[in-house]
Amino acid sequence: SAIFNFQSLLTVILLLICTCAYIRSLAPSLLDKNKTGLLGIFWKCARIGERKSPYVAVCCVMMAFSILFIQ
């Protein structure tokens with residue numbers, strides 16, 4: 001049901017990016033061997049989380065603020 005609500009979709013995407021980056025920091029070999037195919041999405045999310053970490057962090061803070069105080 002997150003597909004039909006834009007804010008829920010953004011929350012799921014941010015959580016996916018943060019989770020993949022965290023998993024890759026703990027066990028890099030787990031995501032590095034799956035650079036293509038369906039599991040390649042997790043590798044790409046991890047790369048986004050690593051390279052754009054300040055922007056992802058700002059988006060996480062903004063999302064948390066909107067969930068806590070606006071809704």
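Reader: Where do I start? How many helices and strands are there in the protein chain?

Author: Start with the secondary structure. This predicted model has four helices and zero strands. Along the sequence the pattern reads α-α-α-α.

Reader: What box do the C-alpha atoms fill?

Author: Along the principal axes, the box is roughly 40 × 25 × 15 Å.

Reader: And what share of the residues is buried?

Author: Of the 71 residues, 20% are buried. The chain exposes about 5,400 Å². Carbon and sulfur atoms supply 73% of that area.

Reader: How much of the contact list comes from residues 24 or more positions apart?

Author: Take the contacts with a separation of 6 or more. Residues 24 or more positions apart account for 55% of them.

Reader: How do I describe two packed helices?

Author: Now the case here. Helix α1 spans residues 6-26, and helix α3 covers residues 40-51. They pack at an angle of about 90°, and their axes are 7 Å apart.

Reader: Are α1 and α3 parallel or perpendicular?

Author: Angles from 65 to 115 degrees count as roughly perpendicular. So α1 and α3 are roughly perpendicular to each other.

Reader: Which residues meet between α1 and α3?

Author: From α1 come Leu16, Ile17, Cys20, Ala21 and Arg24. Across from them in α3 are Phe42, Trp43, Cys45, Ala46, Arg47, Ile48, Gly49 and Glu50.

Reader: Which residues form a salt bridge with arginine 24?

Author: One is aspartate 32, where the closest N and O atoms are 2.8 Å apart. Another is glutamate 50, at 2.6 Å from N to O. The glutamate 50 pair links distant parts of the chain. Arginine 24 lies in helix α1 and glutamate 50 in helix α3, 26 residues apart.

Reader: Is arginine 24 buried or exposed?

Author: Under 20% relative accessible area means buried. Arginine 24 has 15%, so it counts as buried. Its partners read otherwise. Aspartate 32, at 28%, counts as partly exposed. Glutamate 50, at 32%, is also partly exposed.

Reader: What about arginine 47 and glutamate 50?

Author: They form a salt bridge too, with the closest N and O atoms 3.3 Å apart. Both lie in helix α3, three residues apart, so about one helical turn separates them. Arginine 47 is partly exposed at 24% relative accessible area. Salt bridges with shared partners join Arg24, Asp32, Arg47 and Glu50 into one network.

Reader: Now the surface. Which residues form a nonpolar patch there?

Author: Phe6, Leu9, Leu10 and Ile13 do. Together they have about 350 Å² of accessible area.

Reader: Why does phenylalanine 6 count as exposed?

Author: Exposed means over 50% relative accessible area. Phenylalanine 6 reaches 58%, so it is exposed. Tyrosine 22 also lies in helix α1. At 53%, tyrosine 22 counts as exposed too.

Reader: How far apart are cysteine 60 and leucine 10, in sequence and in space?

Author: They are 50 residues apart in sequence. Their C-alpha atoms are 9.7 Å apart in space. Leucine 10 is also one of the residues in the nonpolar patch.

Conventions: Residues numbered from 1 in each chain as written. Predicted model: local features only at pLDDT ≥ 70, side-chain atom pairs only at ≥ 80, totals over all residues. Heavy atoms only, no water. Patch = residues over 30% accessible without salt bridge, like charges linked within 9 Å, V, L, I, M, F, W, Y side chains within 5 Å. Areas by Shrake-Rupley, 256 points an atom, 1.4 Å probe, with all protein chains shown as cover. Salt bridge = Lys/Arg side-chain N within 4 Å of Asp/Glu carboxyl O. Helix = DSSP H or I, 4+ residues; strand = E, 2+ residues; numbered from the N terminus. Buried < 20%, exposed > 50% of the residue type's maximum accessible area, 1.4 Å probe, protein only. Axes fitted to C-alpha atoms, helices over the stretch in contact; angles between N-to-C directions. Parallel < 35°, antiparallel > 145°, perpendicular 65-115°, else oblique. Contact = heavy atoms within 4.5 Å.
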